[in-house]
Amino acid sequence: DTMASANRVLNFSAGPAKLPLEVLERVSADLLNWNGTGMSVMEMSHRGKHFKTIIDEAEEDLRSLMNIPDNYKVLFMQGGGTGQFAAIPLNLVSDSSSVADYIVTGGWSAKAEAEARKFCQTNIVNPKIDGYTDIADPSTFQFSDDAEYIYYCDNETVFGVEFPEIPSVPEGAKLVCDMSSNFLTREVDVSKFALIYAGAQKNAGPAGLTIVIVRDDLLGKGQAVCPTILNYKIMADAGSMPNTPPCWSIYVTGQVFKWIRENGRISAFQSCCATKSALVYDVIDNSSGFYKCPVAEHVRSRINIPFRICRGGHPDKELEETFLKEAEAEHMFSLKGHRSVGGLRASLYNATTLEDTQVLTGFMLAFARKNSGDA
């Protein structure tokens, strides 16, 4: 067992991402025989009492961590964030001629808005900033008078742009938020939102599960054409199980919730996130232009940090390739930027420790020293 954990690499993947070692050890110990039942969670009926315990505990632990009010449903769904791009307008807009407002600050919110157009009218409230490197001043947002909801993505995983706080929206507006990549990394007042969702595979568990937290007065008001599998009311009424749920993902994610509770809850991870990201940004900002982060300082993500290596002020792809090769030789993986933007990216989710981050920044400093002589 210790051999297996000793041979693990430092994984900076953007998702699926690193899971806490304690959680992996716990689930591997229970893999063949969960709680003396003689079977794996992967094999048990989702209708049986054992799985009912697992899904109920996962919901209770999440409610406790996030202080989710009683008038919100917690749904364990499938289809990823991309499924929610369709589910949201299908559930929250009763008539396809109605309008939904979108704040578009990166690739994921752009995709969400494009998908929503199939099911309702949309209005993009903010001016696009070249290459999604900043968020326009919220006072310039042009909201519709009659928007069914206002949608935004709290942290853009690809571009590394994060809202420093909840954007101010018109009184009484229904605020919908994709928190996939910064879920459980800072305290959130759930009551300010109509709906929050997150794909589990970044900060909460393995791929295959999407968590939806939705205010219960919004259920049952969607479009008749909404498929059963995306229908929040049907999901809520059936305890997230109108059909077979992603049992294994729910179980492992539930273990991650317990791990967060045991390790200081969200506030501890919030302060750790600030420390980890500051370490990396300090190296970038003090590298005399060798490393460059394209994102405006006030909206830099604490979670996903995109950066380039520059010579003569311009990105040097060859040097970036060398950086990746040498990082892998030091057992640091998945530091390549998203295919749509290139460059490099470090993702610092909750399971990535301060020590992991210090190994990365130590490597970055050494690499800069070795290669910046002729910059």
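**A guided reading of the predicted model**

At 19% relative accessibility, Gln201 counts as buried, since buried means under 20% relative accessible area, exposed over 50%, and partly exposed in between (1.4 Å probe, protein chains only). The structure is a predicted model, in which local features need pLDDT of at least 70 and side-chain atom pairs count only at pLDDT 80 or more, while totals for chains, interfaces and linings use all residues. Residues are numbered from 1 along each chain as its sequence is written, and side-chain values use heavy atoms, with hydrogens and water left out.

Gln201 is located in the loop between S9 and strand S10 (210–215). Helices (H or I, at least four residues) and strands (E, at least two) are DSSP runs, numbered from the N terminus. Contact means heavy atoms within 4.5 Å. Apart from neighbours within four places in sequence, Gln201 is in contact with Gly15, Pro16, Ala17, Pro206, Ala207 and Leu209.

Ser181 belongs to the loop between strand S8 (175–178) and strand S9 (195–199). Ser181 is buried, its relative accessible area being 1%. When neighbours within four places in sequence are left aside, the contacts of Ser181 are Asn155, Thr157, Lys202, Asn203, Ile303, Asn304 and Tyr349.

The discussion now turns to the nonpolar interior. A nonpolar core is a set of buried Ala, Val, Leu, Ile, Met, Phe, Trp, Tyr and Cys residues joined through side-chain atoms within 4.5 Å. The largest such core has 113 residues, of which Leu62, Tyr149, Phe183, Ile213, Tyr232, Tyr291 and Phe323 touch the most other members. Helix H7 (residues 247–262) gives the most to this core, contributing eight residues. There is also a second, separate core of five residues, among them Ala17, Cys273, Ile303 and Tyr349. Not counting residues up to four places away in sequence, Ile213 touches Leu62, Met66, Ile68, Tyr72, Lys73, Phe183, Val190, Ala194, Leu195 and Ile196.

Aromatic rings form pairs of their own. A pair of aromatic rings is described by the distance of the centres and the angle of the planes. Rings of Phe, Tyr and Trp (its six-membered ring) pair if their centres lie within 6.5 Å; planes under 30 degrees apart count as stacked, over 60 as edge-to-face and the rest as tilted. The structure holds 16 aromatic pairs. The ring centres of Tyr152 and Phe163 are 4.8 Å apart and the planes stand at 70°, so this pair is edge-to-face. Because Tyr152 lies in strand S5 (residues 150–153) and Phe163 in the loop between strand S7 (161–162) and S8, the pair ties together parts that are 11 residues apart in sequence. Both Tyr152 and Phe163 are buried. Trp248 and Tyr251, by contrast, form a tilted pair, with 5.3 Å centre to centre and 55° between the planes. These two residues are three apart in helix H7, and therefore Trp248 and Tyr251 are separated by about one helical turn. Trp248 counts as partly exposed at 24% relative accessibility, whereas Tyr251 counts as buried at 2%. Ring pairs also link Phe290, Tyr291, Phe307, Phe323, Phe363 and Phe367 into a cluster.

Charged side chains provide another kind of link. A salt bridge is a side-chain nitrogen of Lys or Arg within 4 Å of a carboxyl oxygen of Asp or Glu. By this rule the count comes to 20 salt bridges. In one of them, Arg63 is joined to Glu59, the closest N and O atoms being 2.9 Å apart. Arg63 and Glu59 are four residues apart in helix H3, so about one helical turn separates them. Glu59 is partly exposed, with a relative accessible area of 24%.

Which distant parts of the chain are linked by the pair of Asp61 and Lys258? Asp61 is in helix H3 and Lys258 in helix H7, 197 residues apart. In this salt bridge, the closest N and O atoms of Asp61 and Lys258 are 2.7 Å apart. Asp61 counts as buried at 7% relative accessibility, while Lys258, at 22%, counts as partly exposed. A network of salt bridges links Glu57, Asp61, Lys258 and Arg261.
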